[in-house]
Amino acid sequence: MKRWLHGWLLRRWYGRWPVWILVPLSWLFILLTAFRRALYRTGILLPDVVPAPVIVVGNLSVGGSGKTPCTLWLAEKFAAAGYHPGMITRGYGGHAKSWPRLVTADGDAHEVGDEAVLLARRSGLPVAAGPDRVAAARLLVEKWRVNLILSDDGLQHYRLPRAAEVIMLDGSRGLGNGWRLPAGPLRESVRRLRSAQFVVVKAGAGVPSNIPAGACLMTLELVEAVSLADGSRCPLSEFAGKRVHAVAAIADPEQFFAALRAAGLQVDGRTLPDHAELEKSDIAFGDDLPVLMTEKDAVKCAHLQTENTWFVPATARFDGRDDTRILSGLQQCLIRAMI
């Protein structure tokens with residue numbers, strides 16, 4: 001039932017019309033969020049203090065828009081530029097009894113969430129998870145002495161001060177039906193795009209309308225597959241022309257399946273709800289064909305028998321012009337924040 005409802009809502013949200021029965025709740029949501037936003041804009045409520053500048057990578061809509069790959073890309077670039085970055089995330093799907101939590105590469109996704117473990121494993125940098133991102137940021141600075149914090153999501157977490165905002169948009173699904181939650185997928189008005197330092201569109205079938213001029217285009221590259229059994233790697237091209245099973249418990253599984261098909265694979269896709277905890281039955285197909293999954297799903301499979309099972313890392317790429325523009329622009333924001 002949960003899977004059916006999840007799929008039904010996504011189809012309606014990213015279709016043409018809102019979920020009409022939920023429109024009254026959307027108007028209530030608009031009033032409540034506008035009131036909360038106004039409290040911060042007028043100074044009645046103020047962000048807390050964090051002892052390091054923060055860059056927030058967030059989105060307006062529910063679902064995946066490439067926040068985590070973009071956050072990892074920024075972390076790599078700022079580390080190469082001499083910063084000591086750390087990352088924070090909500091820990092969505094985690095069942096820890098206390099927050100915030102420091103996250104390690106061998107962390108338990110059941111405790112701290114799949115995205116948190118992915119960030120730590122992929123980057124090798126300090127990561128903290130918790131619903132209170134201010135507390136998570138303070139923990140990072142206290143334990144690791146980082147001088148830059150990248151927040152994976154948290155655009156609407158106004159208690160978290162930020163030196164800059166990067167808003168992500170999905171190039172395939174755009175802004176959906178344009179309605180606010182729960183009749184549509186939007187958390188905030190499209191006007192919110194104007195306040196961001198950068199808007200980044202994850203490449204897809206099209207480009208969303210109503211985005212500011214100068215938005216940057218990000219592509220996700222799928223280059224290799226990594227064995228869950230022994231960590232060995234092989235080019236994704238080795239699977240080209242072959243039939244494979246693919247499993248995805250992400251916000252838009254079809255994008256993952258489409259990317260594999262574009263690489264020449266014959267894909268039998270199995271869609272699971274976003275952040276679902278994988279069980280043996282989810283990756284069992286009763287044959288000897290390879291099973292491919294996303295890297296976010298792979299961090300939840302340590303307890304499973306994973307013979308002939310692979311994950312496919314997605315790496316963010318920008319062209320040289322946008323690469324330079326984003327990094328130099330964000331560095332200027334950090335300089336202003338420290339003055």
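A: The sulfur of Cys-234 lies 17 Å from the closest cysteine sulfur, the one in Cys-301, so that gap is too far for a bond. Cys-234 is also buried, at a relative accessible area of 10% (buried is under 20%, exposed over 50%, partly exposed in between, with a 1.4 Å probe and protein chains only). Mind that this is a predicted model: local features need pLDDT of at least 70, side-chain atom pairs count only at pLDDT 80 or more, and totals for chains, interfaces and linings use all residues. Residues are numbered from 1 along each chain as its sequence is written, and side-chain values use heavy atoms, leaving out hydrogens and water.

With a disulfide taken as two cysteine sulfur atoms within 2.5 Å, the count is 0. Cys-216 is in none either, its nearest cysteine sulfur being that of Cys-70, 9.2 Å away. Cys-216 counts as buried, with 1% relative accessibility.

Now the sheet. It's an open one of 9 strands, mixed in pairing, ordered β3-β4-β2-β5-β1-β6-β7-β8-β15. Strands here are DSSP E runs of at least two residues, numbered from the N terminus, and two of them pair if DSSP finds at least two bridges between them. At the edges stand β3 (101–103) and β15 (314–317); each has a single partner strand, so one side of each lacks a neighbour in the sheet. From one strand to the next, the twist averages 25° (axes are lines fitted to C-alpha atoms, with angles from 0 to 180 degrees between N-to-C directions). Within the sheet, β6 (residues 164–170) runs parallel to β7 (residues 198–202) over 5 bridges, and Val-166 has Phe-198 in β7 as its bridge partner.

Technical notes
Helix = DSSP H or I, 4+ residues; strand = E, 2+ residues; numbered from the N terminus.
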